[in-house]
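Colleague: I would like to learn how to read a sheet and a helix pair in a model. Could we take the sheet to begin with?

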Amino acid sequence: MADTIAPNPNALDPNASSARLAAGPRGKKPRPVLAPRNIMLYGALIFAAIYYLLPLYVMVVTSLKGMPEIRLGNIFSPPVEITFEPWVKAWSTACTGLNCDGLSRGFWNSVRITIPSTVVSIAIASVNGYALANWRFKGADLFFTILIVGAFIPYQVMIYPIVIVLRELGLYGSLTGLIIVHTIFGMPILTLLFRNYFTSLPEELFKAARVDGAGFWMIYFKIMLPMALPIFVVAMILQITGIWNDFLFGVVFTRPEYYPMTVQLNNIVNSVQGVKEYNVNMAATILTGAVPLFVYFVSGRLFVRGIAAGAVKG
Amino acid sequence: MTSNSVSVRDLSLSFGAVTVLDNLNIDVADGEFLVLLGSSGCGKSTLLNCIAGLLDVTEGQIFIKEKNVTWEEPKDRGIGMVFQSYALYPQMTVAGNLSFGLKVAKLPQAEIDKRVARAAEILQIQPLLKRKPSELSGGQRQRVAIGRALVRDVDVFLFDEPLSNLDAKLRSELRVEIKRLHQSLKNTMIYVTHDQIEALTLADRIAVMKGGVIQQLADPMTIYNTPENLFVAGFIGSPSMNFFRGEIVERDGRKVVSVNGVDLSVDSYKARGPIETGSQVVLGVRPEHVQVDEASTGTDVHDAVVDIEEPMGADNLLWLKLAGQTMSVRIAGARRYAPGTPVRLSFDMGLASIFDATTENRL
Amino acid sequence: MTSNSVSVRDLSLSFGAVTVLDNLNIDVADGEFLVLLGSSGCGKSTLLNCIAGLLDVTEGQIFIKEKNVTWEEPKDRGIGMVFQSYALYPQMTVAGNLSFGLKVAKLPQAEIDKRVARAAEILQIQPLLKRKPSELSGGQRQRVAIGRALVRDVDVFLFDEPLSNLDAKLRSELRVEIKRLHQSLKNTMIYVTHDQIEALTLADRIAVMKGGVIQQLADPMTIYNTPENLFVAGFIGSPSMNFFRGEIVERDGRKVVSVNGVDLSVDSYKARGPIETGSQVVLGVRPEHVQVDEASTGTDVHDAVVDIEEPMGADNLLWLKLAGQTMSVRIAGARRYAPGTPVRLSFDMGLASIFDATTENRL
Amino acid sequence: AELEVTHWWTSGGEAAAVAELAKAFDATGNKWIDGAIAGSGGTARPIMVSRITGGDPMGATQFNHGRQAEELAQSGLMRDLTDVATRENWKDIIKPSSLLDSCTIDGKIYCAPVNIHSWQWLWLSNAAFKTAGVDVPKNWDEFVAAAPALEKAGIIPLAVGGQPWQSAGAFDVLMVAIAGKDVFNKVFGDKDEAVAAGPEIAKVFGAADDARKMAKGSNVQDWNQATNLVITGKAGGQIMGDWAQGEFQLAGQTAGTDYTCLPGLGVNEIISTGGDAFYFPLLKDEEKSKAQEVLASTLINPTTQVAFNLKKGSLPVRGDVDLAAANDCMKKGLDILAKGNVIQGTDQLLSADSQKQKEDLFSEFFASAMTPEEAQKRFADIIASAD
Amino acid sequence: MTGQANAGRPNQLLRNLNSKIASIPMILTAVVIFLGGTLWTVFYSFTNSKLLPRLNFVGLDQYERLWDAPRWVISIQNLAVYGFFSLIFSLVIGFVLAAMMDQKIRFENAFRTIFLYPFALSFIVTGLVWQWILNPEFGVQSVVRSLGWTSFSFDPLYTPSIVIYGILIAALWQGTGLVMCLMLAGLRGIDEDIWKAARVDGIPMWRTYVQIIIPMMRPVFITTLVIIASGIVRVYDLVVAQTSGGPGIASEVPAKYVYDYMFQAQNLGQGFAASTMMLITVAIIIVPWAYLEFGGRKRG
Ligand SMILES: Nc1ncnc2c1ncn2[C@@H]1O[C@H](COP(=O)(O)OP(=O)(O)OP(=O)(O)O)[C@@H](O)[C@H]1O
Ligand SMILES: Nc1ncnc2c1ncn2[C@@H]1O[C@H](COP(=O)(O)OP(=O)(O)OP(=O)(O)O)[C@@H](O)[C@H]1O
Ligand SMILES: [Mg+2]
Ligand SMILES: [Mg+2]
């Protein structure tokens, strides 16, 4: 450390024992707040933070400006005249085809899609992970390996086969079908998380429960589930974000009455004619991202803990 | 033949290509305290898990209370099990931990309460019943873990190194408690450990295991005093038995073990059969079976120099050099020898062991 | 005043609001083997880390070889340190682990090779030099960890519970090795442990700590035989010293400790000062300082019944009930008593300890 | 009955036009359920196709008429409209007849065309040329000649948006203008590889090379942003379909004074007759099937046509309607249409696959330094394998 | 022993039955969707299916056309460049941020939230915002120019040779927060004694990281690698939102090729051939790893 104050060698007079022991530095090593190390550390962090915050700043600022002000240029300058009109428009009056009720319509659809999809996908993946961690059967590893490789398959490739499967099941176009799709695509990474997490729990706990006479489901519900909170939070965050932000499946596998908010966002943002209403776009973007953002802000701390518990032990 | 509580017949178990247990047989009598002793990885836990039904056997049969339970579920075997890491359910209170199994078995609430109360009383954990495991000390946790086996009201208790996560002091306390528990409950206990002190103090019989094979199965004193082979001799006893590799030679009509020119008479050794002159042997002498006395004289007295002294309070352990080898001798704690002090040793050959150098079996 | 290798002056350390060490002073002589002994969380590691420079002290000074190093970087203090978890660099070979620090310090390659070779020879790990830590057994890893301190060629070695991750057998083996190492290197060693056997066998002096305060600092035999207070007495010795709470009473002109109606004479006790009649005291007697003999008679002989017997091979531990209290007695391994056997005990009061019941200090 | 109708008309003008269709349909006692998907046909079509093949079809859906729904019809997933068409005599009223031909597969009619969009327009900013001090060009060659002056004035001569279909479309327009209708039909209609590799097309590529140079610096993505450059005088001109004039109108500009439109680039006054059409998936529900027929006839209905096309800025599919309200440029288009100087749109002539390959090629050509020769070679390859 | 000397081995299918039942969704997904879907895709890549799958085999025609298509070649090159830098930078930035966060800093929660929040936003949103920030007329370039550096030019999205880096900037913004979280979790899992040992050995901080800590975090890096890599292979939305593959075809990626040809060009066969190529690439990298990581290991 550059700011070390070297002990004065002259102070070590070999003849004066008591004086000797009193001399020299004592107490806490002085560490000025503005030590070069701190300046560099916090400097770098703040610089990085600016890079990460800039887009959000731009989004917010732009969404509060009127179109004339935006056309003047500088996207970084704060709004001269704050207007909430873009927000109102994005939320309630922007048109999609004939329906001019903005994002508000899609919001409830998104909620209707996200909640059951998140719940079902996590429920299934957690049971899978549990079975893989504690009740391994022959071939389980093979299926799991296929599943993990599946995480790398581009979604687009799978659309057609899934359309066919859902058609054959008669579920195409229904909410159930969409939930199944989200469950399928969430499965690899969630199963991996849960499997790793349950593997990291002491196996003896599982054995003890078996000796106590608990079966597969009893152990899952009574023993494993209550212990899996951190990883459930991670899974929940991942799924809520993923499903809420999904556009492709929401539109390919459902009908218009279920279209999620992202479809309206896409419509607002990609309107082909007229001038691009950047302020409305940005307001719509923030509104659409609000739910996952909120989830992150609230549970970010648990997220890191859960990641530590489930992901890195791979 | 007395009734056997647990019998294992021709048990084999493999994990894939690795065979951990091979054709193992063992019988545990009713009310017996059997300790499975062996170093890490020798298959003790595996055997215990097979008996508990937590691992599917590859080959063989398991009987508990004369009933073939080879393919029974753990809960139907009439066993209780205690684990090294306690394995308490962290989100339940102590009472919840104790009653979980009973609730699963749908016992009437009154019966559950009765059993929990009884176990809590036996283990003196009544004041803890409302706490969560995280609010307990290590020893208390282990007691709750034992309680969980206790409430199951079973005939056979299985312990998998229940004390090895505790510190030395607690370990010796709980050891006594387990012993007392066994004396009062009188049910069969199978206890896995790699701590020989635990094995010696607790067991009615000890099964010393190595590489999935039982090396010797006998009561503690037999194992300590007349180990069946070199492995058992070396494994039991701390500090270890001193081993001297040598040859049987005739000197003046007496058979002696000649170790690097030092002769140790085997006259007083109770051999199982004749000991052939010229055979290569290993002589084993425990540290406490060597007398240290500067004054003794005679043919069977040997000179040595103290290398290191380890005072342990009640005892004092001397490390000496004899016949070019390091050996340890245990003497009373009050007798001190500085390193470098010359001493005279005499061996208590009646309590020594002699093993064939090739088969490693006791002669 | 002999030259001190390490001196700690008025050391205080707080983590935020929690003060772990408060005004602690200790001097370690050149070449001394000092053991810091105490239960978990008492601040042993904290003290060691302060000496090593791994924690910034809150107040006070630290001198190593007469040099004030309070604010020095660890590497400049002339210390080597060995950790409980070995802390080997997992991806480097053993040779890499040993030489890494030297390479960073830009020592010439020849010097590095020489030092590594010497350390490897001392610790007998030459055949392992090419291996990775994951390919070593626990004992071998610990040896490499010691080697890493050794190559630094320093005057002061700091050990933080170096053996507590090892099993009992290995622990006793490595204990001897560390002792031997100290005898051959003759440098200063500060050794943290919570295992009293390690402390007793290794130390020149032991500092028994509790709650950040040194309770007693003396050589092992003094600590074992004349503990300064109740805590030290209870902490050292396994099984623990037997404690009897009682009152000093005059009986027939002799002072006795009266415990629940049982009188124990204090005539032969070497008290520091006068023991007042009527004072509340705690009498401590070690298990090996009680004689068991069915034949003895006299006033200082007491009747008891064997509760539990713990044969430990060389010794046999009896748990008895006396004056309504459980006590332990250590006898030779060959003498066996079944539970329930009545025995007669006589106490070796010359080796006992008496403490004031309120101050808990030795009388 | 309720009928869900999917389309990709989501912006203001488009939506207003759709509202006319919905109004007309609702007036028949049925109900139009709007299923708009924004982001152009590229986003919307996969969704539509998935729903039809997935067994959950909508009541009606927009496609560009031509070959986009060909296979759906061949697979029997689409409703045959021949009955309605004969009943209402579509053959006679729909002009040009090629529109209906595009809806006809194996002699059966599967779609109802709703409008005509033509591609062949050059839109010029009068203000830009004034700034540069040159006259507003009257044809492509003058435009190219004026480019240096524009550049000197800091004006981008030609605005081309980044979307692939824009550059591909611009090339097609250049081809009609420079090589003529016959070559166009030979190349795209007959897929004549030799012509595609020949000297006439080489000339077109030369022009495209000019266009590319003139387009340097128009860093915009959407076509309407490119149009906006022209409107604001930042660019001299843009090759874009008739839908661009909606933008000029929206900006309050007047044809002739503020901007100039040159059909066929002022060289060859020919326009293509692509456009949009509605297809009707086969439904099980009897009532809905009936409603589909009602919708089909409503779409062709003259009042609907006028109301819709005025809002949409496109030309009606029947010649017998009165478009008095149309502006100058639109009238120019109507004239050309009346003269019969029409060609089929590339959507009708080429499969989506070949179209895509063509888009890839021109999108790359306009953004890179590829030589015209090489581009022509690849173009010829595409034509050779086109179907 | 009495009576029942040898109990027969019960039916193996019925043992662990509950677990098997509970795994049915996983098995179905793995077999029907991932395996079945993949095989179906590969199978139909040998046909000339257009809008609808048809069994009209044309051998390797689709593959020949694929590798002749300049757009595909560019897509692959872009993926390689994007993948390489995205891996390197994600890991480096993520690790450096995590290392800084691990210095017992103040406001750790605030910083973590700031670094992580972009992960909550979809790629569509990410692409949109960055398209705007990198827009030469509104964004960084114009702002810097307005500050006086009139010759300043930063225009990645409209410069074919560097457009992929413009996408990279946005991708890193969105994804490094998660990497940081993973790394932070990994760092927190490292035995503190290692740090102490390194300090006693006098090893400078950076060397401790490079030579000791990073090698120790191998498992974390592998997990992170899998997560980043699977994202890289699938990159689609971001490109669509930010550049739509432009300028020209300079920022095309394979997933977009697949999607465009399957749905816009209505040439399923071509799309399937392209996806098969992607699958093969993925399989070559992933399968051996996945098998080692998840298949071979048994728990003790
Ligand atoms: N699931 C498994 N797969 C493969 N090998 C295993 C498995 N479980 C245990 N083994 C191996 O079986 C052997 C015996 O293991 P076991 O747990 O029974 O040992 P142990 O005697 O209990 O040791 P410890 O004292 O360390 O608990 C070991 O070599 C171990 O590596
Ligand atoms: N970084 C820290 N922040 C706050 N408190 C701490 C910190 N490190 C240690 N402590 C506290 O300081 C006390 C002493 O800790 P220390 O590690 O020195 O104990 P120890 O004697 O080494 O115990 P052990 O035998 O378990 O290693 C403990 O109560 C512990 O909780
Ligand atoms: Mg075990
Ligand atoms: Mg410690």
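**Reading a sheet and a helix pair**

Modeller: This model is predicted. In chain D, four strands form an open sheet with mixed pairing, in the order 8-9-7-10.

Colleague: Which strands are the edge strands of chain D?

Modeller: Strand 8 (156–158) and strand 10 (259–263) of chain D, each of which pairs on one side only. From one strand to the next, the twist averages 20 degrees.

Colleague: How do strand 8 and strand 9 of chain D run where bridges join them?

Modeller: The general idea is that strands of a sheet pair through backbone hydrogen bonds, either parallel or antiparallel. Here strand 8 and strand 9 (residues 235–239) of chain D run parallel and are joined by two bridges. D:Ile156 is opposite D:Ala235 of strand 9.

Colleague: Which helix lies across strand 8 of chain D?

Modeller: Helix 8 (residues 140–152) of chain D, which also lies across strand 7 (121–125) and strand 9. That helix runs at about 165 degrees to strand 8.

Colleague: Now chain E. At what angle do helix 4 and helix 8 of chain E pack?

Modeller: Helix 4 (residues 70–101) and helix 8 (residues 163–188) of chain E pack at about 40 degrees, and their axes are 6 Å apart. Angles under 35 degrees count as roughly parallel, so these two helices of chain E are oblique to each other. The crossing is right-handed. The residues of this contact comprise 22 nonpolar, five polar and one charged.

Colleague: What does UniProt list for residues 79–101 of chain E?

Modeller: The unreviewed UniProt entry lists residues 79–101 of chain E as "transmembrane region", with 162–187 among the other stretches. In the model, residues 79–101 are 100% helix and 0% strand, with end C-alpha atoms 31 Å apart.

Key
Residues numbered from 1 in each chain as written. Chains lettered and ligands numbered in written order. Predicted model: local features only at pLDDT ≥ 70, side-chain atom pairs only at ≥ 80, totals over all residues. Heavy atoms only, no water. Axes fitted to C-alpha atoms, helices over the stretch in contact; angles between N-to-C directions. Parallel < 35°, antiparallel > 145°, perpendicular 65-115°, else oblique. Left-handed = near helix turned anticlockwise from the far one by under 90°. Nonpolar A, V, L, I, M, F, W, Y, C, P; charged D, E, K, R; others polar. UniProt positions renumbered as here; feature names shortened; annotations may be inferred. Pairing = 2+ DSSP bridges. Contact = heavy atoms within 4.5 Å.
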